[in-house]
Amino acid sequence: MNESLGIIQSYCQKYKLNEEQASVVQDNALKICLAYSNDESALSNINPISLVHGPFGSGKSLVLGVLIIVLYDLKSHFIDEFRNFKDLRVLVCSMTNAAVDRVLLSVLRLGFNELVRVGNPKRVSKLLVPFLSKNSTSNFENDYPSSEAYDQTSSFEKDYFSDEEFYPSDKNIDNSFLVGSTCLSAANPSLSSQSFPLILVDEVGQVPEYMTLIPITRLNCQFIVLVGDPEQLPPTVSRKSDSMTVESGLGRSLFDRMALLGNVPKLLSTQYRCHPQISKLLNMLFYKNRLVDGISEKDRLSVFQGLPSMSFIDVYEGSVRARFII
């Protein structure tokens, strides 16, 4: 374990993670190492669920990227000593293509390219099109029920069912350590025979609970890391869903359920995105003043000289159009 810890800490230092970010990487990587070290007596003490509360600008994608690279290195380092490591693979998923791509692009920026993307080339980042799987060539619409059968889902989800033709390339899912897909695309036939012991779900606070269960139940998940911000938007349901359905649980995320069951989220409390005056308001309104700024006002100068960092505009006339109920 000391050798594993040394490898993990070296990566955390290399990528300049703060203490909380490094703690998330270290705790989850050590958990995997313990599970794959053939020490069966230790398995009963391992919690397979990890919750990461990442507010705006807290480096969620960076943390996931470093965790993936650390696990790949640990697998390469210990695969001869512990044969179980040969089965270690990672699936990154979320509700939207944009969220999945954000994590994969973060990994690419860190210099890691042992990955495959499952998805529609029209909806995937152009930078990730070369990584699309050659196995994912089936027409998803023909394999699964029409979107009209899913009144409870959002229109965004329905778009996924309507035109899911997958782009062929020379990438093979079977040989990839890291695969990225949306939660719905995890039901694609190309993943039917695949196993992913570790599943990372980003922006999980916006994913309906039932949708998160698709990759978890289908792909032999043993460990799951749920990353998101429950203080931001909740899961989106369609306007056809009545309020009783939403209140009964359709609008709840798996992150919320796991927290209610006693899994304590790790908070990434340092934000590196907003001007301190902006983050101060959000911190007070939503985060009980638990957040700290990782940047100064000098790092976020006004785009136009003389313009305040934050202002409120009173719109006294107009109308609001609501597409979804939340």
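Me: Between which elements does the loop holding Leu 219 lie?
Reply: Leu 219 sits in the loop between helix H8 (209-218) and S6. These labels come from DSSP runs numbered from the N terminus, where a helix is H or I over at least four residues and a strand is E over at least two. This is a predicted model, in which local features need pLDDT of at least 70 and side-chain atom pairs count only at pLDDT 80 or more, while totals for chains, interfaces and linings use all residues. Residues are numbered from 1 along each chain as its sequence is written, and side-chain values use heavy atoms, with hydrogens and water left out.

Me: Why is Leu 219 called buried?
Reply: Buried means under 20% relative accessible area, exposed means over 50%, and partly exposed is in between (1.4 Å probe, protein chains only). Leu 219 has 0% relative accessibility, and therefore counts as buried.

Me: Which residues is Leu 219 in contact with, leaving aside its neighbours within four places in sequence?
Reply: Contact means heavy atoms within 4.5 Å. With those neighbours left aside, Leu 219 is in contact with Leu 91, Ala 186, Leu 191, Gln 194, Ser 195 and Phe 196. The C-alpha atom of Leu 219 is also separated by 7.8 Å from that of Pro 197, 22 residues apart along the chain.

Me: Why does Ser 190 count as buried?
Reply: Ser 190 has 11% relative accessibility, so the residue counts as buried. Ser 190 is found in the loop between strand S4 (178-182) and strand S5 (198-201). Its C-alpha atom is 8.2 Å from that of Ile 173, 17 residues apart along the chain.

Me: What makes the pairing of the Ser 190 and Asn 188 side chains a polar contact?
Reply: A polar contact requires a pair of N or O atoms within 3.5 Å; within protein, one must be able to donate a hydrogen and the other to accept it, and residues adjacent in sequence count only if both atoms are side-chain atoms. The distance between the side chains of Ser 190 and Asn 188 is 2.7 Å, so the pair meets the distance limit.

Me: How do you know whether Ser 4 is buried or exposed?
Reply: Its relative accessibility is 5%, and so Ser 4 counts as buried. Ser 4 lies in helix H1. Beyond its neighbours within four places in sequence, Ser 4 is in contact with Leu 30, Cys 33, Leu 74 and Phe 78.

Me: Is Lys 288 buried or exposed, and how do you know?
Reply: Lys 288 is exposed, because its relative accessible area is 72%. Lys 288 is found in the loop between helix H11 (276-286) and strand S9 (292-293). Although Lys 288 is not a glycine, it has a positive phi of about 55°.

Me: What makes a set of residues a nonpolar core?
Reply: Such a core is a set of buried Ala, Val, Leu, Ile, Met, Phe, Trp, Tyr and Cys residues joined through side-chain atoms within 4.5 Å. The largest core has 51 residues, of which Val 25, Ile 68, Leu 71, Leu 74, Leu 178 and Leu 200 touch the most other members. At least two residues of this core come from each of several elements, including helix H2 (19-35) and strand S6 (223-228). H4 gives the most, with ten residues. Apart from this core lies another of 24 residues, among them Ala 186, Val 204, Leu 219 and Ile 224. In soluble globular proteins, nonpolar side chains tend to be buried together.

Me: What makes a space a cavity rather than a pocket?
Reply: On a 1 Å grid over the protein atoms alone, a cavity is a set of points where a 1.4 Å probe fits but cannot get out, whereas a pocket is an open set with protein on both sides within 12 Å along at least five of seven lines. Lining residues have an atom within 4 Å of a point. Grid points are joined across faces, edges and corners, and a volume is the space filled by probe spheres set on the points. The largest cavity holds about 50 Å³ of space, and the largest pocket has a volume of about 330 Å³. H2 supplies the largest share of the cavity lining, four residues. The pocket is lined by 24 residues, of which Gly 57, Ser 58, Gly 59, Lys 60 and Arg 273 lie nearest its centre.
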